[in-house]
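Thank you all for coming.

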Amino acid sequence: MYAAVVVDIPARALSEPFAYAVPAHLADDMAVGCTVLVAFGHRPALGYVIALAPAVSELPGAADLDEARVRPIEAILSPPVCSEFAGPVSLWISREYVAPLSECLRLFLPPGGTPRLRKDEDGSYRLERPAVPEVHERVVSLCPQAADYEPPVRATRQRQLIEALSCGPVTTRELNLLYTDMSPAIRALERRGVVRVDERRAWRGCDDGTTLSSARAAAPARLTSGQREALAAIEGAIDAHAGDVIVVDGVTGSGKTEVYLSAIDRVLALGKSACVLVPEISLTAQTVGRFRSRFGGTVAVFHSRLSAGERLDQWDMVRTGAARVVVGARSALFCPLANLGLIVIDEEHEQSYKQGSSPRYHAREVAAHMARVGGFPLVLGSATPSAEALARCRAGSHLGQTWRRVEMPERPGASRLPEIVVADLRREFSQGARSMFSRPLYDALMEVVQRREKAVLLHNRRGFAPFLMCRECGCVPTCDHCSTALTYHERTHTLECHTCGAVYHVRPYPAPGSACPRCGSRYLAKMGMGTQQIEDALVAMLPDDVEVIRMDADSTRGKDAHKRLLEQFDAAECAVLLGTQMIAKGLDFPEVTLVGVVLADYALKMPDFRASERAYDLLEQVSGRAGRGEHPGRVIIQTYLPDDPVIRAVATHDRAVLVDHEAKQRREALYPPYVRLTNVLVRGSYEREVQRYIGELARLVSDGLERAAAGLPEDARPFIMGPTSCVIERAKDSYRHHFIVKSPIGFDVSSVIASALDTVGARRGISVSVDVDAYDLM
């Protein structure tokens, strides 16, 4: 037997697995996913088995390898711990996203850090995993003798214990919460053989209950016609075993979650498992609550805000089969679910599904590949599907995979889409208004207070003011380590860099000690506004019995902060939830009758070709928070650009207004979904060295593209834009230059860039990142 082994050395040059022989004494214990000890060069190394075959030629990448040169595996260090997709999918991610193979495989490893190889005193090697201890719990249950046992007259605690256990086993922790310390009664009854105490593994991360009313999902008496059509399409894809993709295009509040739940019910009945991805941690408590209300303790949750012990326990729940449904952020995709039968990606248009560090994968593309490999459906749900998803549905297929769109145009029950009001801030200004709240928004907030309802306000800028500026010389304080303006935070009187996290203490005008760093003038004034400033204005404007709850990256830093703030909003009689984009999607509060967008223009004018699409997604999603109950909803969008196609599309609930406009622009300018964008970024401490390196790399990539596209028509050939400095030229003390490759759909741009990187080689002080299907070009 021979094994394909991924050696755990994160180098771009090691982009293929290596072949090793399996000694006879290890053959019975060897399996795909095992961690093994191998000799690599002149040193021992960790490796992960991703394939087994009776001949070397049958292993991936080893067709011409001489069996005589194959070295043996030295030891098995641990049994399989990975998903069944770890081998083929990590290979695909490595090639598609030009990333080291071992880095890609680490996505599938248990959480807690990278395992290390340790040498013992006797010369043997062992696997040292991060020290995260397991926890156990004691479970008390009644024995058959309990039926004939009568406690003494004064043994009140024994009676309480027998009564508590009459409905089934209970943990000692739960008993102590109910009756304080029950240990003496448990010991007394255990000696008499009335109760039995067993110890079992406890799963941290499962006791995260929530009081959110939206975290329950009772099955409706009847599905809407759109829900029935979507569910029928998913069930057809499950039966087809062809790895189809179903895009559920449903308006906000149309009941997409119920479609997911019903589809997963079908998958679980077939003995399979399911994975559900959500874009925001703020949605996790609500979504997990809904899924646990339907599927009980078989639901695991996986995201970055869990502690190390909680992440490991949730992983082990999945690995052991105790959990058959995983809900979480994009990393949940790599949990070791056995017999995976369905992947659901909710709010599939969200940028958070794109990984920002190597390997820079997109969860949608990885999930689609997993569906192709596993022959199960992928469900993408959104009220605002991405341009890529819509284009693939129009084409009917992508990379040999069927893509189908199912519409859900109506909300269930009595709820209707909200009325949209556009408040023209130009008119407000010309009439002398200087408040951050227009007359329509102010009046609407007062009506909400009068009716004792709830409102949501969106402003996608955290902090107190986006920047400070000297009114005498025009200086804007920037970060010492990055070429970005600093954001002022009123609570802490600090300027903070949202790129690198640097913090500078400052006193702006009119506080004593205010001084411009360039000219010394004290007129260093706050410009623009952030969520903290709007919160202060709301508190001053609204009555004291109206709760104002701010939800942004600053107020949600602590563990479970998202859940606590949403529970506070849910429990309030009358409240305003103010926040950034994290409040714009997925949240379901029937009492919300008003949504206000303080200034839509921030999203509209970002220097990004996707700015209009993202702005539409954000505004349409946040609009959908209103009117989800019995009372009608209203949305007020404040803007200086009321005629922009994005504003008109949201105001009329007509996506075509924007889609047609965007399609024409992107087709002419050659942007996705009509081409693929690959951003190659080079950074280093010395600008001249960065420029020299990226110039050489760009020439090699250009030559490689020309050779690879020799047979293509002139208008279908890939080409390079740049190299040039990035929009944020300096970040974290590093200079940043990049070039962008535009290539046709289906063209193998990754191989060309990988070959150029191998030729130019690594250089001290220079780092390169390759972002295929790039979202962030700044």
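What you see is a predicted model, in which local features need pLDDT of at least 70 and side-chain atom pairs count only at pLDDT 80 or more, while totals for chains, interfaces and linings use all residues. Residues are numbered from 1 along each chain as its sequence is written, and side-chain values use heavy atoms, with hydrogens and water left out.

Let me begin with the rings. A pair of aromatic rings is described by the distance of the centres and the angle of the planes. Here rings of Phe, Tyr and Trp (for Trp, its six-membered ring) are paired if their centres lie within 6.5 Å, and planes under 30 degrees apart count as stacked, over 60 as edge-to-face and the rest as tilted. By that rule the structure holds ten aromatic pairs. In one of them, Phe18 and Phe40 have ring centres 5.1 Å apart and planes at 80 degrees, so this pair is edge-to-face. Since I shall be naming helices and strands, note that these are DSSP runs numbered from the N terminus, helices being H or I with at least four residues and strands being E with at least two. Phe18 lies in strand S2 (residues 18–21) and Phe40 in strand S3 (residues 35–40), so the pair ties together parts that are 22 residues apart in sequence.

Phe18, at 30% relative accessibility, counts as partly exposed, whereas Phe40, at 19%, counts as buried.

Phe334 and Tyr361 form another aromatic pair that is edge-to-face, with 5.3 Å from centre to centre and 90 degrees between the planes. Phe334 lies in the loop between strand S14 (325–328) and strand S15 (340–346), and Tyr361 in the loop between S15 and helix H10 (363–374), so the pair ties together parts that are 27 residues apart in sequence. Phe334 counts as buried at 1% relative accessibility, and Tyr361 counts as buried at 2%. Ring pairs also link Phe108, Phe334 and Tyr361 into a cluster.

Rings can also have a charge over them, which is counted here if NZ of Lys or CZ of Arg is within 6 Å of the ring centre and within 35 degrees of the ring normal. The charged end of Lys742 sits over the ring of Tyr671, 3.9 Å from its centre, and the charged end of Lys454 sits over the ring of Phe569, 5.2 Å from its centre.

On a 1 Å grid over the protein atoms alone, a cavity is a set of points where a 1.4 Å probe fits but cannot get out, a pocket is an open set with protein on both sides within 12 Å along at least five of seven lines, and lining residues have an atom within 4 Å of a point. Grid points are joined across faces, edges and corners, and a volume is the space filled by probe spheres set on the points.

The second largest pocket has a volume of about 870 Å³. Of the 38 residues that line this pocket, the closest to its centre are Gly253, Gly255, Arg290, Asp588 and Arg628. H7 supplies the largest share of this lining, five residues.

As for cavities, the whole structure has three of 30 Å³ or more. The largest cavity holds about 240 Å³ of space, and Ala387, Leu390, Glu613, Val659 and Glu662 are the closest to its centre of the 16 residues that line it. H19 gives the most to that lining, with five residues.

Finally, His303 is found in the loop between strand S13 (299–302) and helix H9 (308–320), and at 8% relative accessibility it counts as buried.

Technical notes. Buried means under 20% relative accessible area, exposed over 50%, partly exposed in between (1.4 Å probe, protein chains only).
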